[in-house]
Amino acid sequence: SNRPFRRLILAWAVNGLANGLPAALILIVFDQILHMPKASGPLLLVYFTAGVVSVPFWLKLSTRIGKHQTWAAAMAMSGVAFAFVPAILHAPHVLILFGIISIFTGAGLGADFTIPPAIQADVVDVDEAASGEQRAGIYFAAATMAQKAGNALAPGLAFPLLGLVGFSTHGGNNALQDGVLLALYCGIPSALKLAVAVIMRRFPIDRAVQHELRAAIAARA
């Protein structure tokens, strides 16, 4: 059994759901909560730009504190940033504040695209050291399926729940309906990101273990 793999798969699936919920709901939030539908485009640009720009930082940090610690730190940062969304909705200069949050959550996305695949390679080494077989394809396929499953679950969870409370994309929603939308957009993703940070905080493959695995594999070759 490969316990590190199971832990990584769980983190990937949970994080996929955490990323999928705001992706599915951001246009509705900007239209129905902020009443600024045209602002979503520029802020999405800020979000994705922050993701790209942050990649070298995460790579450098991972060499200093380790891969799983880096991803845990990035997910904790994203979770805290998401939690601030309800507090800024009625503040002056809300778009500037939303842009700042987007920088932090976008940077977290940069870590998502960079660090987990590197951790996955270490997980494959666990299997190869134990079995003597190279089955990277199976592991990467399973990880991709877990992430996609989390992404796909997001709209399947969000829209039925919004329908259940009677939320309308045409407006006229009450405080409960808007609250459910915000909970799905930022509250639940915040909690899920923090859960991923906890899952990965004590991930068993650190730099020393990874070196031992590579030495065992090299000795067998």
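**Pocket, core and loops of a predicted model**

Modeller: The largest pocket has a volume of about 280 Å³, taken as the space filled by probe spheres set on joined grid points. This is a predicted model, in which local features need pLDDT of at least 70 and side-chain atom pairs pLDDT 80 or more, while totals for chains, interfaces and linings use all residues. Residues are numbered from 1 along each chain, and side-chain values use heavy atoms, without hydrogens or water.

Colleague: Which residues are closest to the centre of the largest pocket?

Modeller: Pro-22, Ala-23, Ile-26, Leu-44 and Tyr-47 are the closest of 18 lining residues. A pocket here is an open set of points on a 1 Å grid where a 1.4 Å probe fits, with protein on both sides within 12 Å along at least five of seven lines; lining residues have an atom within 4 Å of a point. The helices α1, α2 and α5 each supply at least two lining residues, a helix being a DSSP run (H or I) of at least four residues.

Colleague: What makes up the lining of the largest pocket by class?

Modeller: It comprises 15 nonpolar, three polar and no charged residues.

Colleague: Why is Asn-173 called buried?

Modeller: Its relative accessibility is 16%, and buried means under 20% (exposed is over 50%, with a 1.4 Å probe and protein chains only); therefore Asn-173 counts as buried. Asn-173 is in the loop between α6 (136-164) and α7 (175-201).

Colleague: What does the side chain of Asn-173 reach?

Modeller: It reaches the backbone nitrogen of Ser-168 at 2.7 Å. Beyond four places in sequence, Asn-173 is in contact (heavy atoms within 4.5 Å) with residues including Gln-32 and Gly-166.

Colleague: How do you know whether His-35 and His-93 are buried or exposed?

Modeller: His-35 has a relative accessible area of 59% and His-93 has 61%; His-35 is therefore exposed, and so is His-93. His-35, in the loop between α1 (3-33) and α2 (40-65), has a positive phi of about 55° although it is not a glycine. Phi of His-93 is also positive, near 55°, and that residue lies between α4 (85-88) and α5 (94-131).

Colleague: Which residues touch the most other members of the largest nonpolar core?

Modeller: Among them are Leu-8, Trp-71 and Phe-98, in a core of 63 residues. Such a core consists of buried Ala, Val, Leu, Ile, Met, Phe, Trp, Tyr and Cys joined through side-chain atoms within 4.5 Å. The largest share, 15 residues, comes from α1.

Definitions and conventions. A polar contact is a pair of N or O atoms within 3.5 Å; within protein, one must be able to donate a hydrogen and the other to accept it, and residues adjacent in sequence count only if both atoms are side-chain atoms. Ala, Val, Leu, Ile, Met, Phe, Trp, Tyr, Cys and Pro count as nonpolar, Asp, Glu, Lys and Arg as charged, and the others, Gly among them, as polar.
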